[in-house]
Amino acid sequence: MAKTYALPPLPYGYDALEPHISKQIMTLHHDKHHQAYVNGANAALEKLEKSRKGEAQIDVRAVLRDYSFNVNGHILHSIFWPNMAPPGKGGGSPGGSIGDWVNRDFGGFDKFKAQFSDAAKTVEGSGWALLLHDPETDSLVLTQVEKQNFMHLAGMTVLLGLDVWEHAYYLQYLNDRAKYVDAWWNVVNWSDVDSRLSKVKK
Ligand code: MN
């Protein structure tokens, strides 16, 4: 296989985000859930390759759907982990360019935080709230992703993502997704978000 995806290590310990996100959640989320997306993306690529070689018959529509679901899961989680940092290092309000851009495009950090939180809390079922850079307007926009591959905005770059699948919070917050979303702001790694913005802004 020419192309394979690999699970990146967490950039901190499994317990580093406590008390906001428990060690148990981080361990299962990274080692089991993220690994499953990596495996699923690789398996889909392998099926496509075997089909091209005439070694397997596949439903290409189903395999490509599976590929998009799993590869998006892999990419979003690979951004999600460094988007967070231990409390003290993470949290607070953004400085640098990202702070200026949030103020410019959302009318202030409080307004951004409220709208992003609202997006995260209202995802129907499993999904994500994302802060994106739109190259067309060279500005920041929000989206809400259902599951991992619906409402994807083509060509935009993810700067900050919040996973609101139940596997991201249920073991600690049960059905109180809003409490998890509110606690998550204490571990947002703004310097990581700023460095992602610096790579795409014009
Ligand atoms: Mn997840």
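Trainee: Which residues form one aromatic cluster?
Mentor: Phe-106, Phe-109, Phe-112, Phe-116, Trp-184, Trp-185 and Trp-190 do. Rings of Phe, Tyr and Trp (its six-membered ring) pair if their centres lie within 6.5 Å; planes under 30 degrees apart count as stacked, over 60 as edge-to-face and the rest as tilted. Please note that this is a predicted model, in which local features need pLDDT of at least 70 and side-chain atom pairs count only at pLDDT 80 or more, while totals for chains, interfaces and linings use all residues. Residues are numbered from 1 along each chain as its sequence is written, and side-chain values use heavy atoms, with hydrogens and water left out.

Trainee: What does Trp-184 touch?
Mentor: Not counting residues up to four places away in sequence, Trp-184 is in contact (heavy atoms within 4.5 Å) with Ile-21, Phe-80, Met-84, Phe-116, Leu-160, Gly-161 and Leu-162.

Trainee: And which residues touch the most other members of the largest nonpolar core?
Mentor: Trp-184 is again listed, along with Met-84, Phe-112, Leu-131 and Tyr-180, in a core of 50 residues. Such a core is a set of buried Ala, Val, Leu, Ile, Met, Phe, Trp, Tyr and Cys residues joined through side-chain atoms within 4.5 Å; buried means under 20% relative accessible area, exposed over 50%, partly exposed in between (1.4 Å probe, protein chains only).

Trainee: Where does this core lie?
Mentor: It lies between domain 1 (23–80) and domain 2 (96–201), because both give residues to it. The domain bounds come from an automatic or database domain assignment.

Trainee: Back to the rings: how many aromatic pairs are there?
Mentor: The count comes to 18. Among them, Tyr-37 and Phe-69 are edge-to-face, at 5.8 Å centre to centre with 75° between the planes. Tyr-37 lies in helix α1 (residues 23–52) and Phe-69 in helix α2 (residues 60–80), so the pair ties together parts 32 residues apart in sequence. Helices (H or I, at least four residues) and strands (E, at least two) are DSSP runs, numbered from the N terminus.

Trainee: Is Tyr-37 buried or exposed?
Mentor: Tyr-37 is buried, with a relative accessible area of 6%. Tyr-37 also forms an edge-to-face pair with Trp-165, at 6.5 Å centre to centre and 70° between the planes.

Trainee: New topic: in what order do the strands of the sheet come?
Mentor: The order is β2-β1-β3 in an open, antiparallel sheet; two strands pair if DSSP finds at least two bridges between them. β2 (139–146) and β3 (157–163) stand at the edges with a single partner strand each, so one side of each has no neighbour in the sheet.
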